[in-house]
Amino acid sequence: MRPSPRLGPMWRLGPMWMPTAPCAFTSFPLNRMDPVPSSVRLTVREAVHTLSSSEDGGCIFSTLGSLKRYLGGTENPALPGEQEEFARVHFSAVLRCLVSKLNPDWLGLLPNGQLEELWASFFLEGPADQAFLVLMEALEDTPGPSFRLMKMARLLARFLKAGRMAAVMEGQCRQQAELAFPLLQEALLIKVVGLPDRLGNCLQHENLAEFFPQNYFPLLGEEAVRVLQAVVDSLRGGLDCSVSFVSQVVGKACVYGRQKEILGVLVPRLTALTQGSCLWQRVCWRLVECVPDRAMEAVLTGLVETAPGPQVLARLLGNLVLKSKKARFVMTQKLLFLQYRYTTPVLQSLLGYLAMDSQRRPLLVQALKELMETWGSSSAIRHAPLAQQCYVSKAVLICLAHLGDAELQDSRDELLASLMAGVKCRLDSSLPAVRRLGMVVAEVASARIHPEGPPLKFQYEEDELSCEMLALATPQPAADSPSEAGPPVAPVAAEAPDKQTVEGGVPQVRPQGSDSELDSDDEFVPYDMSGDQELKSGKVPMYVRDCVEALTTSEDWERWEAALRALEGLVVRSPAATREVSVELAQVLLHLEEKTSVAGFEGLRQRALVAVTITDPARVAEYLTSQFYAINYSLRQRMDILDVLALAAQELSRPGRFRRTSQCGSPGPTCPPSCTVAPTWRAVVDERIRRKTRRFSKGSSRQGPAGSPNEFNSVAGYFFFPLIQGFDRPLVTFDLLGDDQLVLGRLAHTLGALMYLAVNTTVAVSMGKALLEFVWALRFHGDTYVRRGLLSAVSSVLLSVPAERLLEDLPDELLEARSWLADVAEKDPDEDCRMLAVKALLLLEKLKDKLLPLSPP
Amino acid sequence: MEEGSRPGLLGIPHPQMERSSTLGCLGAQAALVPVHQGRDLKLCLWDLAEGRNAVVDSVGLESVGFCRGSILARGQQRWMLAVPGGGSDEIQILEMPSKTSVCTLKPEADAKPGMPMCLELWQTDSSPRPCLLAGYEDGSVALWDVSERKVCSRIACHTEPVMGLDFDSQKARGVSGSAEKALAVWSLDEQQALQVRGKHELTNPGISDVKIRPDRKILATAGWDHRVRVFHWRTMKPLAVLAFHSAVVHCVAFAADGLLAAGSRDHRISIWSLYPRS
């Protein structure tokens, strides 16, 4: 990029903006009017003439020497007034003349590079801003790659290394605000911040490492600190100074996206310098205040991210949010509501900053109100991505931790209303993560907002996120480091040695013969004996019919429980007896309620139902599917029906399955998420036995899986078609297309699973057709869980229906599905939906690949 | 290893085969012969050496009770066998392998302890006189001096029949299990008198066998609750509950190298490595 031609002549006027003491400006009009050339002017004119014409090294050397006198620092300096005039009026012209002479022959006029050293000293020792501008101008005007370009690039590198950039900025700071020359400052600003880009353009592959942004901006940060140091020093000396140029430099660098580089240097230094120094703090506040509005967001986000904690942030920003409207908008709106990429420590810094000063606290209260409003808005819950909901929830919890009870009481009704609305919407959600979010926030927030009421308590499984959120809810100790938050680590450490001895097996026993009375007690560490419970035996029914009777009529709860526990095994062992009562048994199990507290009740019931369904698939599936759309069932029962059908279908379709394998109840890949929860206790027990049992051999007792036909083939229709018909006919108590979308989502998942399990069966094609129609009817459903189910159902169709049949029988449906999938893959707010759509698209592509090789001949 | 006539009764041959003991039934010895006690009123001696499995001899029994016999090795070719005798409360002592009946131990007329349920022959190194510990149906444990044919001491440890007992002759301390919900620990003092030292509650009632490991560090019980329980022998601190079997565990046995075997009515034998000996 070349400098704009409009700006060029402007700064060549020189005298108007030379950084000098104010007194110089009073003499300025006189100079301009004076027709008699001053002695300095004569000398300079003569010198420039000599430089441009002479080929004599000695002559040039002495001419340059005479000019150097005006820069001071030699043994025979010129008078101060003359120095000043030279710097103000003639320096740029001389520099420009020097640049034009730069070539190998000219530099070679004197040996040992004397001439080059002298030449460079003008740039390095003269007024920095002019030298910088001339250098940049010359660099951009010189066609590269050439000798002159490289010489000047190296000179600029030396210029940077010598710390002259601080001098450039300092010059602007020392200037009186009213005398500053805005256009020139703007040009200087663009060149200072844009240096890496410009040099990159000029030098292309020859670029020097000093000009890479990752090296240059940290240097700029260092230089800014030095300038600020100078400003602080001169303020201490009673001189007025402005930091606005530094603010602009920092702001522009941040706008260019270099927050990390420049603030990474600036913030730690300022953190240290502002510690205990009011003057430094004021300079720092002023620095941020002077950042132009359009750069404010970039600077503030950079600062919030870089500052190690709220205390530091408060020191650096002061009451900025009260003074600058833009800053207030960024801090209380943009960072909280419009963006959600920041980490939890950043949020803590931000909200902690708002909480630290009594003047800023009303903003925090206001922020909490608005956060709660967003949290409680049903449309936000529906449309915002989960990550943003987490972000807002965390912000709510942090606000609550900071605010006192009195402050909360003032806006209690408002907060409570939003909270309740949000909890309700979230608990209705079909996504477990959203529900859990609602529960965690509701527990914490209700305890704070409504402390006198009975505490809300939900049952949810703790995961990483909920632990993190609960940790946020407890107020933090006042410390700079946010790392002190988070779950305590001490108990874990205390447990560790104990665990080791158990895991590390078994303690050593001393050799026989040592006196055993001396052995210490803890020589043998007991194993885990938590599983040791009383045995309820003697009441276990021996026949399936006995079980049915015990489950329906027994008032003896031990017998009832024993019957429930024994049922699965009995069904598996006696299929003939089961078939006689299969529907009756399914009915009993479906209506079974947990009358006493039985560990693993859900799992036992589910496995028994699955076993019955496997034993007599056609009749039981017919019964269960008819009950799915019957009146007077709870949602839980309907979802149980779906789970049982999916699990039974999985068992039936597994080739060469064993009768006993059903015990494990391992859900397949397409199984809906919640059914994995119930039967874990058995897995735990099995695992414990496996760990503690030493087996000498595993060989002979097992047989290889025997080949057998897919038993699902003959009964898939009984499972599938009654379910898919009738989803659009609402009952009084059950409306799949209305409120009961959770069941609809589960239904979609189940149908997808049944479709997937019907691979290689004869009904797969008609099932696929029906399922695609089902998907098509619901494709714009608003609930994420339903959409996920539909997408996985599409994938199942693509996997299970033979490719050539798909193309023959369902070409239009495929085309429609394809455009819908492409749309979802691009626009769906839910990440899982997008991923499932992409997977389905990939399957479609694979299908095409499979068919293409067939087509050419 | 072998199974008894009831599923789950088994014995573990000693690694060196000097003295094979069986559990559930009996131990045998010397001629590399384990013994097998069946319900057919016969006690069989099996030759299991080098993979053989043939009955080499048998002893006719007069009782068909639950009581298992006990074996005491007394030399290279001599051993003593205690088995329930003809009368319901009698114990018969046989000299093997000649099968000569040494004596019959019959409690005094007024004692009425019921049937013997478990037997344990033992002998201290210092005294040549063999002793017999017998658990009876009425829950008492009696110490018999075999040569004198009289009861030295008798204590009531349990309220239910004693199902299994084991004795640590070095510490002069023994343990017994019964159909009730507790283990009893008792000791033998210098005057050959038995004393109850303590009772240890269990989660579920019913113990069918008790064995102390040869190194006398731990003991194992076979439970009617399908579980094998392991205790620290000196302190009786519970150490482990082994839940593997799905039916009553009939018997437990320790091999000389410390491995624990348990036989159950579910037709399975489980082998466990617990607190291995260094």
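The model is a predicted one, so to speak of local features takes a pLDDT of at least 70 and side-chain atom pairs count only at pLDDT 80 or more, while totals for chains, interfaces and linings use all residues. Residues are numbered from 1 along each chain as its sequence is written, chains are lettered from A and ligands numbered from 1 in the order written, and side-chain values use heavy atoms, leaving out hydrogens and water.

In chain B, strands E17 (residues 182-188) and E18 (residues 194-201) run antiparallel and are joined by seven bridges. Strands here are DSSP runs of E with at least two residues, numbered from the N terminus, and two of them pair if DSSP finds at least two bridges between them. Across the pair, B:Leu183 faces B:His200 of E18(B). Five residues separate E17(B) from E18(B) in this hairpin, and B:Gln192 in the turn has a positive phi of about 60°.

Now for the rings. Over all chains, the search turns up 16 aromatic pairs (Phe, Tyr or Trp rings, the six-membered one for Trp, with centres within 6.5 Å; planes under 30 degrees apart are stacked, over 60 edge-to-face, the rest tilted). B:Phe167 and B:Trp186 count as stacked, because their ring centres are 6.0 Å apart and their planes at 15°. B:Phe167 belongs to E15(B) (residues 162-168) and B:Trp186 to E17(B), so the pair ties together parts 19 residues apart in sequence. Both B:Phe167 and B:Trp186 are buried (under 20% relative accessible area, with a 1.4 Å probe and protein chains only; over 50% is exposed, in between partly exposed). Over in chain A, A:Tyr70, A:Phe86 and A:Phe91 make up one aromatic cluster.

Definitions and conventions:
Helix = DSSP H or I, 4+ residues; strand = E, 2+ residues; numbered from the N terminus.
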